[in-house]
Amino acid sequence: PQAVEVGALSDGTKIMRRAPRIRSCGLKDAKDKLCAGHLKRWFFFGDELKERFGADAELYRCEKCKAVYLPNEEEESRSGTLSY
């Protein structure tokens with residue numbers, strides 16, 4: 001399964017929908033090289049993303065290419081508190 005592009009921000013940053021269980025970015029650059037940056041939960045995103053997805057949205061961002069990822073709809077949300 002591959003991540004699916006769902007749009008872009010005004011500055012050209014891609015917005016992707018995560019594939020099930022992926023933890024790294026699957027985008028390729030102009031030379032067809034895989035980015036493979038880790039996807040980190042992003043809490044402090046800008047106004048454009050807040051307007052599109054809400055202030056409490058669960059978003060992830062690639063460490064290397066800065067692409068924004070939405071969670072996979074088939075997976076359970078990971079934004080809750082962990083309990084042991």
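Which residues does E75 touch, not counting residues up to four places away in sequence? E75 touches P20 and R21. The model is predicted. The largest nonpolar core has 11 residues.

- Strands β2 (residues 14-17) and β5 (residues 68-70) run parallel and are joined by 3 bridges.
- Opposite I15 stands V68 in β5.
- The pairing of β3 with β4 is antiparallel and extends over 4 bridges.
- W42 has L59 in β4 as its bridge partner.
- β4 also pairs with β5 in the antiparallel sense, over 2 bridges.
- R61 has V68 in β5 as its bridge partner.
- β4 and β5 form a hairpin, with 5 residues between the two strands. In the turn, K66 has a positive phi of about 65°.
- In a regular strand, side chains alternate between the two faces of the sheet.

**The nonpolar cores**

- The largest nonpolar core is made up of M16, A19, I22, C25, L27, C35, L39, Y60, C62, A67 and Y69.
- A second, separate core has 9 residues, among them W42, L49, A57 and V68.
- I22, a member of the largest core, is in contact with A3, L39 and Y69 when its neighbours within four places in sequence are left aside.
- Nonpolar side chains tend to be buried together in soluble globular proteins.

**L59 in strand β4**

- L59 lies in strand β4.
- L59 has a relative accessible area of 0%, under the 20% limit, so L59 counts as buried.
- Not counting residues up to four places away in sequence, L59 touches K40, R41, W42, F45, L49, F53, V68, Y69 and L70.
- One of these contacts is F45. F45 and L59 are 14 residues apart along the chain, and their C-alpha atoms are separated by 8.6 Å.

**E75 and R21**

- E75 lies in the segment after β5, and R21 in the loop between β2 and β3.
- The side chains of E75 and R21 meet in a salt bridge, 3.6 Å from N to O. This pair links distant parts of the chain, 54 residues apart.
- The side chain of E75 also reaches the backbone nitrogen of R21, at 2.8 Å.
- R21 has a relative accessible area of 62%, over the 50% limit, so R21 counts as exposed.

**The other two salt bridges**

- R17 and E73 form a salt bridge through their side chains, with 3.6 Å from N to O. R17 is in strand β2 and E73 in the segment after β5, so the pair links distant parts of the chain, 56 residues apart.- R17 is partly exposed, with a relative accessible area of 24%, whereas E73 is exposed at 67%.
- The side chains of E63 and K40 meet in a salt bridge at 3.9 Å, N to O.
- E63 lies in the loop between β4 (59-62) and β5, and K40 lies in strand β3, so this pair ties together parts that are 23 residues apart in sequence.
- E63 is partly exposed, with a relative accessible area of 42%, and K40 is partly exposed, with 43%.

**D11 in a loop**

- D11 lies in the loop between β1 and β2.
- At 59% relative accessibility, D11 counts as exposed.
- The side chain of D11 makes a polar contact with the side chain of T13, at 2.9 Å.
- D11 and A67 are 56 residues apart in sequence, and their C-alpha atoms are 11 Å apart in space.

Key
Residues are numbered from 1 along each chain as its sequence is written. This is a predicted model: local features need pLDDT of at least 70, side-chain atom pairs count only at pLDDT 80 or more; totals for chains, interfaces and linings use all residues. Side-chain values use heavy atoms; hydrogens and water are left out. A nonpolar core is a set of buried Ala, Val, Leu, Ile, Met, Phe, Trp, Tyr and Cys residues joined through side-chain atoms within 4.5 Å. Buried means under 20% relative accessible area, exposed over 50%, partly exposed in between (1.4 Å probe, protein chains only). Contact means heavy atoms within 4.5 Å. Two strands pair if DSSP finds at least two bridges between them. A polar contact is a pair of N or O atoms within 3.5 Å; within protein, one must be able to donate a hydrogen and the other to accept it, and residues adjacent in sequence count only if both atoms are side-chain atoms. A salt bridge is a side-chain nitrogen of Lys or Arg within 4 Å of a carboxyl oxygen of Asp or Glu.
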